[in-house]
Each structure stands twice: as structure tokens, then as C-alpha cells.
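Student: I would like to go through a model with you. Shall we start from the structure itself?

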Amino acid sequence: MPASKQLLITGVSSGFGRALAQEALAAGHRVVGTVRSAQAADAFQALAPGRARARLLDVTDTAAIAPTVDAIEAAHGPIDVLVNNAGYGHEGILEESPLEQMRQQFEVNVFGAVAMIQAVLPHMRARRAGHILNITSMGGFITMPGIAYYCGSKFALEGIGEVLGKEVAALGIHVTSVAPGSFRTDWAGRSMVRTPRSIGDYDALFDPIRQRRQEVSGRQLGDPRKAAQAMLAVIDSHAPPAHLLLGSDALQLVRDKLTALERELTQWEALTVSTDG
Ligand code: NAP
């Protein structure tokens, strides 16, 4: 049985965060989970009194993040693993979607995660130990019409996590970007922000995509509990990966993207190298 660890997971009210917290508690770990209401805090702590602890935190309240992390360390001891899970999907055609919705998407999915990382790093560096998991998405590798802001935020978090991993590897800290495919969480349901349609030119392209996403919500291929077990395996690993895809859909789509990218690189290779010298 692997050693008991303390995990700090953002967004444990539902979905991946909740599933990971439950599986971690069942495996004997301790979990501090962030939520956004007193009711969610009570429900979370009832999962395992004394080992499931809730903190109220909206990750866009960046001024509150470091004091919250410091208070957790002081009250409950070392945070061995940070899981940046809190996030949501914005859906909307780029031309139709106000910039403010892009800012908000990045505030939560990118700035919130980076602020959490900056808050735990002084503690992890002092111990020369720690593991940071960022829940990105297959949308951090592949794209489709109607989720430009979401994919942008997840590409950003993939890139930031990859750089961070290179900066902290020698300090004993691992960084893993976990990129799930489609899973049965509240992501495409109550949590999704959908920009209303306004430009008819995009009807034929986007309306079927929006409709399909609503139809399959709750019936996606991936099981969040199995994702949680996979994440625990990564947390237990002595040599965790920088990137981990979850789900056969993610694997196929990312492989297709890499194949198409390689084909395009080759097709344009002569022009690419023509700029040397
Ligand atoms: P979910 O069931 O909607 O859970 C999202 C969690 O994030 C909730 O606990 C939510 O809290 C929290 N959250 C949202 N905005 C927040 C904020 N500003 N501050 C603090 N907490 C916030 O969906 P999920 O699928 O588990 O999402 C978790 C992560 O997985 C997200 O980063 C998402 O992008 C990613 N992901 C999901 C899928 C999928 O198919 N489900 C695929 C790839 C990646 P409240 O209850 O207070 O709203």
C-alpha cells in the first residue's frame, strides 16, 4: 500500500474533483477540497470526517489563494499533491463570443491554476518534494469549432505545465498535465457557459455541434471514477509522466492530430527550411 498523502484538490463539488477525492479517501489519503458554498463544504466533509476537509475558495479570487494554502499547511501539514481541477467550458463561436467571456475562461482555467501553483511551490520547494497535477483536456491538443476560448485556455495550461515541469524537476517536484477526453461530469451540463447564437453564417457549422453536445451530456464514454483511479496511479508513480491522456477518444483524436501535423510539416518542409542562412 503506497504511503498516505495529503491532496489539495480544487473544485470537489462534482465531476473529476469529487471522484478523485472519493477514490483518494478510499485509498487512505487525506484530502483538502475547495468548494464555493457552505452547503458543498458540509457535503464534502461528510464523506470522511477528519480526513475530508473543505475550504471555501473561488479560484478567480487570486488574493485569497496564498493565504488559503498557507492556512492549510499550518493546520493540516504538508500538501503533497496539488490537483488543479477547478474549471469550466465556454462554448460559443469566436466571432459571437464577447472578449469578456474569454477573459473569464482564462481567469478560471489558467490564472486560477497558476495562482494555486505559485502558492504551493514555496512549501514544496522547501521540502524538495511535491506533485502538481493540472487537469487540462484533449482540447489542449485537438480543436473543434465552437470552443476556441476553452481550447485556448487548455493549450495555455498544457504549455505552462510543461515549462513548469522543466523548472522544478531538479527541486524534486513533478508536474503532470492530465488531459481527459469526454467524461460523464457536469462539464457540458450545469457548468457550461454557452454564448447565444447571433450570426446566421455559422448555423450550418455550429448548430449540430451544440445540439449534439447537449444530447450526449451525461452519457459520455468516460467514467470519472476510472479517471480518478488513473490519477491515483500517476500520483503513486515515482516517475510520473509530463502528459497523460485519459480515454480512448482522447488517444485517437490526439494521434490523428499528430499524424495530420506531421503530414503538413512534410508538405511544407521546403518552404520552412528556405529561411535559414
Ligand atoms: P464539473 O462537474 O462541472 O466540475 C467542475 C468543478 O470546478 C466544480 O467543482 C466547480 O465548482 C469548480 N469550479 C468551477 N469554476 C470555479 C471557480 N471559479 N472557482 C472554484 N471552483 C470552480 O466538471 P468536470 O468535468 O469535473 O471539470 C473538472 C475539470 O475537468 C475542468 O477543468 C474541465 O475543464 C476538465 N475537463 C473535463 C472534461 C469532461 O469531459 N468532463 C474533459 C476534459 C477536461 P461549483 O460546483 O461551485 O461550480
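**Salt bridges and the ligand site**

Tutor: Asp203 has a relative accessible area of 35%, which makes Asp203 partly exposed (buried is under 20%, exposed over 50%, partly exposed in between, with a 1.4 Å probe and protein chains only). This is a predicted model: local features need pLDDT of at least 70, side-chain atom pairs count only at pLDDT 80 or more, and totals for chains, interfaces and linings use all residues. Residues are numbered from 1 along each chain as its sequence is written, and side-chain values use heavy atoms, with hydrogens and water left out.

Student: Which residue forms a salt bridge with Asp203?

Tutor: A salt bridge puts a side-chain nitrogen of Lys or Arg within 4 Å of a carboxyl oxygen of Asp or Glu. Here the closest N and O atoms are 3.0 Å apart, and the partner of Asp203 is Arg197.

Student: Are Arg210 and Glu91 buried or exposed?

Tutor: Their side chains meet in a salt bridge, 2.5 Å from N to O. Arg210 lies in helix 6 and Glu91 in strand 5, 119 residues apart (helices, H or I, of at least four residues and strands, E, of at least two are DSSP runs, numbered from the N terminus). Arg210 and Glu91 are both buried.

Student: How far is a polar side-chain atom of Ser191 from an oxygen atom of the ligand?

Tutor: Ser191 is one of the residues that come nearest to the ligand. The distance from its polar side-chain atom to a ligand oxygen is 2.4 Å.

Student: What share of the ligand's exposed area does the protein bury?

Tutor: Taken alone, the ligand exposes 890 Å². The protein buries 93% of that.

Methods
A residue is near a molecule or strand if one of its heavy atoms lies within 4 Å of it. A polar contact is a pair of N or O atoms within 3.5 Å; within protein, one must be able to donate a hydrogen and the other to accept it, and residues adjacent in sequence count only if both atoms are side-chain atoms. Accessible areas come from the Shrake-Rupley method with a 1.4 Å probe; for residues, only the protein chains shown count as cover.
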